[in-house]
Amino acid sequence: MLVISACSSSSDGDRSTQTLAPGSVSDEGTPRAGGRLIVGIDAESNGWDPARSNFAMAGSMVASAIYDTLLAFDENRRLVPNLAESVTPNEDGTVWTIRVRHGVVFHDGTPFDAAAVKQNIDARLASAIASQSLQPIREVVVVGDRTVEVRMRTPWFGYDYTLAAQGGFMAAPVTLTSQDGPSKPVGTGPFRFVSWEPGNAITVERNPGYWKRDASGVPLPYLDGITFRVLTDPTARVAALRAGDVQMIQTSDVETIRDLQGRPQYDTAVDMANFEAIVMLNQGRPPFDNDAARRAVALATDHDAVVETIGAGVLRPATGPFSEGEEWYVADTGYPSYDPEGARRELERYRSETGASELAFTLRATAGDEMERVAAILQAQWAQVGIRATVMPVEQASYINEVVVGNYDAAMFRQFSYVFPDSNYIFWHSSTARGPGQVSINFTQTRSPALDAALDAARATNDPVELRRLYETAQRELNAQLPYVWLYHQAWALIAQARVNGLDIPASGGFARTDGKPWWSQIWLAES
């Protein structure tokens, strides 16, 4: 974390072309230039401006074709340079110096320089939502044509990780300032925006001036273009793949993964170290402002049974925000085991403390999504101990907006798709819990002095041993509050026709996170 220095680039540090490490391209033959790829994705973003739009995983996949991030993750999920040659903190983490590559230009010919980096960060600071994740930043100062200083109010070791995700996508000034910027994105990425039909598809074409080359010196990207088709129904998505209407799909549908994985006509990459499926409990209003109510629901939830019902052989139960094998995984997070009798005792405590005759609430779930099916399973489990939940399907377009302003009791969600725990600070710290009706990134309105203390101390240290201790403490303090009912680690897959090559690259480094996907430039099509 101390220094992210230039690697795999020219020795003089002054060329704009980055050479990728040997072996990073699929070994299924020599990559072939040309061809257009159609990709089926599960959702659409509300726009493509990284400072103003909301990117879930599908949004990050599309954005990664148009934009580059300042930093990226390698196959070991370590930060490496991308648009930035280096990102370096001072001794106490209060000043970060970003030095950008020489000679990179946006798709419209505008130079990518220090001023553009400042404009991108300032645009996020001006955003009602994005600014909540950047509260420590005091100012951004251009100190040279290619050098920017990000000056903090308080220490922030971990800021560099935001530069490999949505916070690091660099948009051209025209995208950040124009009214139609979100619908006509301009970046430095491997593909240029062509068209967007909301609710249907977004199309991009090869950027002939892209700054990266492969290990053999061949200009990237290989593809002539990509069309991302929005197919929210997982059944329709797999049907389109089978029919050849799309050549690649993104899916979290367990039946699809089970059915197609291992079939010779498809290449499949599955990523387990990513999103956690959870139930969020809103502590900002009744009934989950009461500890006994939250504890009753957690104890009444049999996540093993949920996994067995919907994802046996694919999914794994979760008790925290990281999967086994990830660096920050904690085996014992203090999360309570399934205990129906314990749930009934907590229900009695809830009735005694509130005077309510029963624990009843509305459980929101995205309409038509797998989570709606999970909600029905949970509804039945909870009913066995006397908890009454009403499942309310909500269209995806309005789902996030309702969660952000706290307009829910309980909500099915997938979250925590980050490599480094500090990226979850905004979801757990009291400073981002603004109260019902206010825009809050702390969706559950969790307020815990002990949790805050652990998160703040972690931001102020660069000692790996101390970081480990603090983030173990944070995970246990989180579960002491029980803002989440942990269900399972969500599996995501990229499934493609066999002629689509290069899937070993996202498979080796993980792809099911809301960070940049620099591998789009290395996907290629064999002749049909």
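Trainee: Which strands does helix 5 lie across?
Mentor: Helix 5 (residues 234-243) lies across strand 2, strand 13, strand 14 and strand 21. It runs at about 160 degrees to strand 13. Angles go from 0 to 180 degrees between N-to-C directions, with axes fitted to C-alpha atoms, for helices over the stretch in contact. Helices (H or I, at least four residues) and strands (E, at least two) are DSSP runs, numbered from the N terminus.

Trainee: What kind of model is this?
Mentor: This is a predicted model, where local features need pLDDT of at least 70, side-chain atom pairs count only at pLDDT 80 or more, and totals for chains, interfaces and linings use all residues. Residues are numbered from 1 along each chain as its sequence is written, and side-chain values use heavy atoms, leaving out hydrogens and water.

Trainee: What's the strand order in the sheet?
Mentor: The order is 9-10-12-2-13-21-14, in an open sheet of 7 strands with mixed pairing. Two strands pair if DSSP finds at least two bridges between them.

Trainee: Which strands stand at the edges?
Mentor: Strand 9 (191-197) and strand 14 (266-271). Each has a single partner strand, so one side of each lacks a neighbour in the sheet.

Trainee: In what sense do strand 2 and strand 13 pair?
Mentor: Parallel, over 2 bridges. Val 39 has Met 248 in strand 13 as its bridge partner.

Trainee: Switching topic. How many residues of helix 1 are buried?
Mentor: 10 of the 10, so helix 1 is largely enclosed by the rest of the structure. Buried means under 20% relative accessible area, exposed over 50%, partly exposed in between (1.4 Å probe, protein chains only).

Trainee: What covers them?
Mentor: The cover includes strand 2, strand 9 and strand 10.

How values were computed:
Contact = heavy atoms within 4.5 Å.
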